[in-house]
Amino acid sequence: MRYLKRKYLIFLSFILIILGIGYFLFLRKEHLNYQINSMIEDNPKYLISATIPKTNISNIDQEINHFIQQQIQKFKNISNKSSYLLERNELNIDFDYNYFNDRYINIVFKIDIYDGKNNYLIQNYLYDLKKGCFIDVLSLFDNSDYVYKTVKDTFLKEKNIMITNSSNLYMAISNPYLDVYIITDKIYSISIPLRELGFQLSISDDCKDYFLTSQVSANIIDPMKPVVALTFDDGPSEYTKEIIDTLKKYEANATFFVLGNKVTAYQDVIRESINNGNEIGNHTYNHKWLSRLSKDEIIEQITKTQNILKETVHYTPTHLRPTYGSVNQRIRKNTELEITLWTIDTKDWKVKNVDRIVERAIQNIEDGDIILMHDIFERSSEAVKKLVPILKEKGFQLITISELEEVKLLRTKF
Ligand code: ZN
C-alpha cells in the first residue's frame, strides 16, 4: 500500500513537472501564436487578396490594420478611376512573421500591386514588447553602414543580386538570421545567419514609433537602350515635391544633390523621393565653394551632410557634386564619395524661359549624358514637366547616377 502511494506520488510529481515545463514554454511562445485574417475580393475592375496577422497585442494590430486599410483604399480608388482596363488590377498582401526573442517581434509586409505596371512595397514593423512601441531595425546595429556594405558586397553578390539603390534593400530580424528583402524586378528575400555577419545586435533604447515604407516601381533598366541621368542641385525646396511627382508620373528617376542645411526642413520630401527610387547625392552642407576650403573644412562640409541624411532619413549618399562644379586634388583626396559633374548644363539658374531650358537640355543630347538642373526654381519644375515626356518619347530611360554607372559597367562586359 505504502509502495503504491509512493509510486502515485512520483507519478503525480512527474505530471506536475511536465505541466510546469509546458506552461513555461507556452509563456515563452505566447507571442509566437497569432491568427491570420484573410480578405479576398473579386471585382470587375480588380482583385484583392490580403493575408494579415492578428497578434492580440492591440498596439500592433491597430497599426497594422490601419496601414492595410489605407493600402486597400488607395488601391480601390486608383482602380475605380480607370474607366477601361485591358487587365484587371491586382493587389496582393502577404507577410512574414518573425518572433525574434522575448523582446522583439518583426512583421514584414510584402505587397504586390499591379495597376498596369508592377509596383512593390515593403513595410517593416519591428515591435519592442518590453517597451510597447515600434522601433527602427537599424537602431539595433552599432554600425548600420557596415551591415549594409557587408550584405551588399558579400551576400548579395554571391547570389548575383545587384542593387544600385540602398533604399531598395530592407532588413528584418528573425533569430538567428538577418532577413534581407530586396526589391528589383520583384521582391526577393534572403536570410543570413547573424553570426556570419560577425556582429551582435545591440539592445535599442530608440523608442519613437518609427517605421519605414518602401515603395519602388519596378523601373527595369535595359542597359542596351539609351539612358540619360537628370540631376538637380541646391535643393530640396518647395518645388522638389512637384518634380518628384512628375518623375513618378513618367516612371522616371533622377538624382538630387542636396544641401545638408536643408535636409531637416525637407525630410519628408527626401523620404518620398528615395521611396520613389530616386538617388540622393551630397552637395556640401551650405554651398561653400569647396575648392577654396582647407582640408578640414572640406571634410566638415561633406560629413555634416552625410551625417544629417543618415540620421534623418537613414540614407548614405555615395556621390558628391562639388559646388560650382569645381574640383581639385584636395577635394579628391579628402572624400571617398564618387565625384559627379555633368555633360549638359541647362543653365536654368540664368535662363528664365521654360522652353529655352528644355531646348538646352535636348539640343545635343546623347546616350549616357548627365543633365544639370536646379530644383529651386519654379521654371525648372515646369521645364521638367515638358522635358521628361520628350526624353521618354525619344527612347531614353531616365535613371540615377548610380544606375548610369552600373549601366556603363555592364556595357563594357558585353
Ligand atoms: Zn550648387
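## The zinc site

Three residues hold the zinc ion: Asp234 through OD, and His283 and His287 each through NE2, at 2.1 Å. Donors here are N, O and S atoms within 2.8 Å of the metal (3.2 Å for Na, K and Ca), and water is not among the atoms, so sites may look incomplete. Along the sequence, the donor residues follow the spacing D-x48-H-x3-H. Asp234 sits in strand S11 (residues 227–235), while His283 is in the loop between strand S13 (279–282) and H7, so this pair ties together parts that are 49 residues apart in sequence. Helices (H or I, at least four residues) and strands (E, at least two) are DSSP runs, numbered from the N terminus.

Buried means under 20% relative accessible area, exposed over 50%, and partly exposed in between (1.4 Å probe, protein chains only).

## What the model is

This is a predicted model: local features need pLDDT of at least 70, side-chain atom pairs count only at pLDDT 80 or more, and totals for chains, interfaces and linings use all residues. Residues are numbered from 1 along each chain as its sequence is written, and side-chain values use heavy atoms, with hydrogens and water left out.

## H6 against H7

Now for a helix pair. Helix H6 (residues 267–275) and helix H7 (residues 295–313) have axes that come within 11 Å and cross at roughly 80°. The two are therefore roughly perpendicular (65 to 115 degrees) to each other. Axes are lines fitted to C-alpha atoms, for helices over the stretch in contact, with angles running from 0 to 180 degrees between N-to-C directions.

On the H6 side, Gln267, Ile270, Arg271 and Ile274 meet Leu309, Thr312 and Val313 of H7. Contact means heavy atoms within 4.5 Å.

## Around Phe95

Phe95 belongs to strand S3 (residues 89–99) and is buried, with a relative accessible area of 9%. Skipping neighbours within four places in sequence, its contacts include Tyr34, Ile36, Thr51, Pro53 and Ile107. Phe95 and Ile107 are twelve residues apart in sequence and 6.8 Å apart in space, C-alpha to C-alpha.

## The chain overall

The protein chain has eleven helices and 18 strands. Of its 414 residues, 47% are buried. Among contacts between residues at least 6 apart in sequence, 67% join residues at least 24 apart.

Methods: Angles under 35 degrees count as roughly parallel, over 145 as roughly antiparallel, 65 to 115 as roughly perpendicular and the rest as oblique.
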